[in-house]
Amino acid sequence: MSGQGKAEGEQSSLPQKKEPASIDKSASPSGAQSPPLTIIVSQATHSDIPDICALYKKVWDEHKGKIPAEFEKTWQPSPLEFTSQMEGVTFFAARKDKKLIGILGCAMADGSARLVHIAVEPEHRKLGVGGALVASGIEWAKKSNASSIWTEPLTRFTHAIQLFKKLGFQEAGIFHRHLWKEDVQILEIVF
Ligand SMILES: CC(C)(COP(=O)(O)OP(=O)(O)OC[C@H]1O[C@@H](n2cnc3c(N)ncnc32)[C@H](O)[C@@H]1OP(=O)(O)O)[C@@H](O)C(=O)NCCC(=O)NCCS
């Protein structure tokens, strides 16, 4: 990637404060500077639902036939299905030029925060967007007074596991044949 990244987070669920989430990627491998990539991370609202569903469709269409059919169905919700998925989950959206390019859900349960359903548009990967979303989730969890934050990608999603580890998550074990017969990697940060 050759862009310079800068993300600003505006977490409207939290007391009015603007939270810059830095995803600084300063220079290309050649040393050439590119125009800054400005990504805004903010809480998603119901008006984002059509764009979120379109993003999930695009992202998981890439995996069509390679993941169990149950995943395709669950991870590509209709707007109506996603509306109910939003209940009790704070979704953060990453936008570039107002276009939604990434999404992540954060849910509190029993004092612990869980990250769900991260996805970044294929054209905007490896630019720090996923990192900015996860950083917003961690910030949200801390401000929500969570004792820990955890997530459970399929073990086969090594790119996602790398992403979470880069943001400080540590491996905490594997649940075998846990999700439609797929192993999942438990990752956590204990605050
Ligand atoms: C996983 C995903 C969200 C990452 O988003 P992203 O915006 O590309 O992530 P970032 O640019 O912030 O990458 C941060 C780090 O994650 C890791 N990473 C991201 N993509 C990777 C890849 N394809 N291979 C290996 N590591 C990868 C790297 O450590 C990277 O740091 P680096 O750029 O310094 O190498 C994105 O690939 C995606 O949407 N994939 C499809 C959906 C999916 O698999 N979701 C996970 C379900 S649990």
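This is a predicted model: local features need pLDDT of at least 70, side-chain atom pairs count only at pLDDT 80 or more; totals for chains, interfaces and linings use all residues.

The dialogue below takes up confidence, fold, core, ligand shell and a few individual residues.

Me: What average pLDDT does the chain have?

Reply: pLDDT is the predictor's confidence in each residue, from 0 to 100. The chain averages 86, and 81% of the residues score at least 70. Over residues 1–31 pLDDT stays under 50, and the model has 69 contacts beyond four places in sequence for them. Two residues are in contact if their C-beta atoms, placed from the backbone, lie within 7 Å.

Me: How many helices and strands are there in the chain?

Reply: Helices (H or I, at least four residues) and strands (E, at least two) are DSSP runs, numbered from the N terminus. Here the chain has five helices and nine strands. Along the sequence the pattern reads β-β-β-α-α-α-β-β-β-α-β-α-β-β. Of the contacts with a separation of 6 or more, 62% join residues 24 or more positions apart.

Me: What share of the residues of the chain counts as buried?

Reply: A residue is buried if 20 or more other C-beta atoms lie within 10 Å of its own, exposed if 12 or fewer, and partly exposed in between, with C-beta atoms placed from the backbone. By this rule 29% of the 191 residues are buried.

Me: Which residues of the largest nonpolar core touch the most other members?

Reply: A nonpolar core is a set of buried Ala, Val, Leu, Ile, Met, Phe, Trp, Tyr and Cys residues joined through C-beta atoms within 7 Å. The largest one holds 34 residues, and those touching the most other members are Phe92, Ala94, Ile103, Leu104, Val129, Leu133 and Val134. At least two core residues come from each of β3 (36–43), α1 (49–61), β4 (89–96), β5 (99–109), β6 (112–120), α4 (129–143) and α5 (158–166). α4 provides the largest share, eight residues. As for Ile103, its contacts are Ala44, Ile52, Leu55, Phe91, Ala93, His117 and Ala119, leaving aside residues up to four places away in sequence.

Me: Why is α4 described as largely enclosed?

Reply: Twelve of its 15 residues are buried, so α4 is largely enclosed by the rest of the structure. The buried residues include Val129, Gly130, Leu133, Ser136 and Trp140. From its first C-alpha to its last, α4 reaches 21 Å, close to the 21 Å expected at 1.5 Å a residue; the expected span is 1.5 Å times one less than the number of residues. After α4 comes Asn145, whose phi is positive, near 65°.

Me: Which residues are closest to the ligand?

Reply: A residue is near a molecule if its C-beta atom, placed from the backbone, lies within 6 Å of it. The ligand is surrounded by 18 residues, the closest being Gly130, Gly131, Pro153, His159 and Leu163. β6, α4 and α5 each supply at least two residues of this shell, and α5 gives the most, with five. The shell comprises ten nonpolar, five polar and three charged residues. In this classification Ala, Val, Leu, Ile, Met, Phe, Trp, Tyr, Cys and Pro are nonpolar, Asp, Glu, Lys and Arg are charged, and the others, Gly among them, are polar.

Me: Where is Val184 found, and what does it touch?

Reply: Val184 is in strand β9 (residues 182–190). Val184 is partly exposed, with 19 other C-beta atoms within 10 Å. Not counting residues up to four places away in sequence, Val184 touches Glu152, Pro153, Leu154, Thr155, Ile174, Phe175, His178 and Leu179. Val184 and Thr155 are 29 residues apart in sequence, yet 5.0 Å apart from C-alpha to C-alpha.

Me: Is Lys98 buried or exposed, and where is its place?

Reply: Lys98 is exposed, with 6 other C-beta atoms within 10 Å. The place of Lys98 is in the loop between β4 and β5. Although Lys98 is not a glycine, its phi is positive, about 70°. Trp180, in the loop between β8 (170–179) and β9, is not a glycine either and has a positive phi of about 45°. With 12 C-beta neighbours inside 10 Å, Trp180 counts as exposed.

Methods:
Residues are numbered from 1 along each chain as its sequence is written.
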